[in-house]
Amino acid sequence: TVFGSARFTESHPYYKFARKLGAELAHAGFTVMTGGGPGIMEAANRGAQDAKAKSIGLNIVLPHEQSPNPYISPELCFQFHYFAIRKMHFLIRARALVCFPGGYGTLDELFEALTLLQTKKIKPIPLLLFGKKYWSKLINFKFLVSEGMVDAKDLKLFHYVESAEQAWKIIATFYKLPQ
């Protein structure tokens, strides 16, 4: 499952990384699943299509920005009205979560996943934060530890990554797949 901003364009490096990662995951036999919209979601679905694989889009009905991208396999494009139901479908099917920089929607999805992993309500899966500079500036996880709000071990629930190759290596290692 790939999360991230709908606002990145095709020329942005994160778009290019998400597209490459979508292709790598598809080549390895994973089905790419996104929120189905533009930006990072489009890039990951497009990467799967580049690899001649099907991909899923779990779209949400919003007043702006969100319409299904053209790279989702048509029979795997779903529309949701409620965020909670959509997030449940993301997380019960995910074998890994890759979060690219994003706004409130991405943060909502990230914190839901972190909470469920922390409380062991879902099985452990790799959770990757793409772009350490962005995430470190946005969320001061070490501050949460220093204030006693989370345990230091909770910082091991995720990994920072800077490339599609690095993301794939963590996922492959977790599942003991050839790299």
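Predicted model: local features only at pLDDT ≥ 70, side-chain atom pairs only at ≥ 80, totals over all residues.
Residues are numbered from 1 along each chain as its sequence is written, and side-chain values use heavy atoms, with hydrogens and water left out.

1. Helix H1 (residues 13–27) packs against helix H7 (residues 164–174) at an angle of about 35 degrees, with the two axes 9 Å apart. Helices (H or I, at least four residues) and strands (E, at least two) are DSSP runs numbered from the N terminus; axes are lines fitted to C-alpha atoms, for helices over the stretch in contact, and angles run from 0 to 180 degrees between N-to-C directions. The crossing of H1 past H7 is right-handed, meaning that the near helix is turned clockwise from the far one by less than a right angle.

2. On the H1 side this contact (heavy atoms within 4.5 Å) is made by Phe-17, Lys-20, Leu-21, Glu-24 and Leu-25, and on the H7 side by Ala-164, Glu-165, Ala-167, Trp-168 and Ile-171. These residues divide into seven nonpolar, no polar and three charged, where Ala, Val, Leu, Ile, Met, Phe, Trp, Tyr, Cys and Pro count as nonpolar, Asp, Glu, Lys and Arg as charged, and the others, Gly among them, as polar.

3. Glu-165 and Lys-20, which both belong to that contact, also meet through their side chains in a salt bridge, at 2.2 Å from N to O; the term requires a side-chain nitrogen of Lys or Arg within 4 Å of a carboxyl oxygen of Asp or Glu. The pair links distant parts of the chain, 145 residues apart. Glu-165 is partly exposed at 39% relative accessibility, and Lys-20 is likewise partly exposed at 39% (buried means under 20% relative accessible area, exposed over 50%, partly exposed in between, with a 1.4 Å probe and protein chains only).

4. H1 also meets helix H2 (residues 40–50), the axes coming within 6 Å and crossing at roughly 40 degrees. The two helices are therefore oblique to each other, given that angles under 35 degrees count as roughly parallel, over 145 as roughly antiparallel, 65 to 115 as roughly perpendicular and the rest as oblique. H1 passes H2 in a right-handed crossing. The residues in contact include Tyr-14, Tyr-15 and Arg-19 of H1 and Ile-40, Glu-42 and Arg-46 of H2, and the whole set divides into nine nonpolar, two polar and four charged.

5. Arg-46 forms a salt bridge with Glu-10, the closest N and O atoms being 3.1 Å apart. Arg-46 lies in H2 and Glu-10 in the loop between strand S1 (2–3) and H1, 36 residues apart. Arg-46 counts as buried at 13% relative accessibility, whereas Glu-10, at 46%, counts as partly exposed.

6. A network of salt bridges links Lys-87, Asp-108 and Glu-112. Within this group, Glu-112 and Lys-87 have their closest N and O atoms 3.5 Å apart, with Glu-112 in helix H4 (residues 104–118) and Lys-87 in helix H3 (residues 83–93). Glu-112 is partly exposed at 30%, while Lys-87 is buried at 11%.

7. Val-150 lies in the loop between helix H6 (141–146) and strand S7 (159–161). Leaving aside neighbours within four places in sequence, Val-150 is in contact with Gln-118, Leu-144 and Val-145. The C-alpha atoms of Val-150 and Gln-118 are 9.3 Å apart, across a sequence separation of 32 residues.
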